[in-house]
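Thanks for coming, everyone. Please look at the model first.

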Amino acid sequence: QVDLVESGGGLVQPGGSLRLSCKASGNILSINKMGWYRQVPGKDRELVAFMTTTGFAKYGDFVRGRFTISRDNAKSTVYLQMDSLNPEDTAVYYCHFQNLQLSVPDDHWGQGTQVTVSS
């Protein structure tokens, strides 16, 4: 079992910035990936960004250089710096964790944090 604790969501004006954090605890293996997905009502959950313990990162196409993911492996924490936010970024953001050394991949999700971009 892996527990994920998210923080950092909230209300921000268009063009503003937010930083999300997610700390993992529990059954954390040495090679894993952590990241963020987001979802709006009526749409599928979509990838925002993830990063592995080895530093490989992948972003959703919509990010276009506006967001930066980073992680502190010693703290099992992942960060998402979001800049140049626009109203289309409004969504519930979910932290995701997956151990990559298991024969059957595991998926763990945080409870979600609301990000609202509005003037």
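Let me start with a definition: buried means under 20% relative accessible area, exposed means over 50%, and partly exposed is in between, with a 1.4 Å probe and protein chains only. A salt bridge is a side-chain nitrogen of Lys or Arg within 4 Å of a carboxyl oxygen of Asp or Glu. Lys and Arg count as positive and Asp and Glu as negative, while His and the chain ends are not counted.

Now the ground rules. This is a predicted model, where local features need pLDDT of at least 70, side-chain atom pairs count only at pLDDT 80 or more, and totals for chains, interfaces and linings use all residues. Residues are numbered from 1 along each chain as its sequence is written, and side-chain values use heavy atoms, with hydrogens and water left out.

First, lysine 33. Which side chain of opposite charge is nearest to lysine 33? That is aspartate 107, 6.7 Å away. Lysine 33 is buried and has no salt bridge. Lysine 33 sits in strand β4. Strands here are DSSP runs (E, at least two residues; helices are H or I, at least four), numbered from the N terminus. Beyond its neighbours within four places in sequence, lysine 33 touches several residues, including Phe50, Arg71, His96 and Leu100. Contact here means heavy atoms within 4.5 Å.

Next, arginine 71, one of those contacts of lysine 33. Arginine 71 belongs to strand β7, residues 67–72. Its relative accessible area is 16%, so arginine 71 is buried. Its side chain has a polar atom 2.8 Å from the backbone oxygen of methionine 51. The arginine 71 side chain also makes a polar contact with the side chain of asparagine 73, at 2.6 Å. A polar contact is a pair of N or O atoms within 3.5 Å; within protein, one must be able to donate a hydrogen and the other to accept it, and residues adjacent in sequence count only if both atoms are side-chain atoms.

Glutamate 6 is another buried charge without a salt bridge. Glutamate 6 lies in strand β1, residues 2–7. The nearest side chain of opposite charge is arginine 45, 7.9 Å away. What lies 2.6 Å from a polar atom of the glutamate 6 side chain? The backbone nitrogen of cysteine 95 does. The backbone nitrogen of glycine 112 also lies 2.6 Å from a polar atom of that side chain.

Now the charges that do pair. The structure holds three salt bridges. Glutamate 46 meets arginine 38 at 2.8 Å, N to O. Arginine 38 also meets aspartate 89, at 2.9 Å. That pair links distant parts of the chain: arginine 38 is in strand β4, aspartate 89 is in the loop between β8 and β9, and they are 51 residues apart. Aspartate 89 counts as buried, at 1% relative accessibility. Arginine 66 meets aspartate 89 too, at 2.7 Å. Shared partners join Arg38, Glu46, Arg66 and Asp89 into one network.

On to the rings. A search of the whole structure finds three aromatic pairs. Tyrosine 37 and tryptophan 109 have ring centres 5.2 Å apart and planes at 70 degrees, so this pair is edge-to-face. The rule covers rings of Phe, Tyr and Trp (its six-membered ring): centres within 6.5 Å make a pair, and planes under 30 degrees apart count as stacked, over 60 as edge-to-face and the rest as tilted. Tyrosine 37 is buried at 19%, and tryptophan 109 is partly exposed at 37%. Phenylalanine 62 and phenylalanine 67 also pair edge-to-face, with 6.4 Å between centres and 80 degrees between planes.

Back to arginine 45. Arginine 45 lies over the face of tyrosine 94, at 3.8 Å from the ring centre. Arginine 45 also lies over the face of tryptophan 109, at 4.6 Å. The test is NZ of Lys or CZ of Arg within 6 Å of the ring centre and within 35 degrees of the ring normal.

Last, the backbone. Most residues other than glycine have a negative phi. Serine 76 has a positive phi of about 50 degrees. Serine 84 has a positive phi of about 50 degrees as well. Serine 76 is buried at 15%, whereas serine 84 is partly exposed at 44%.
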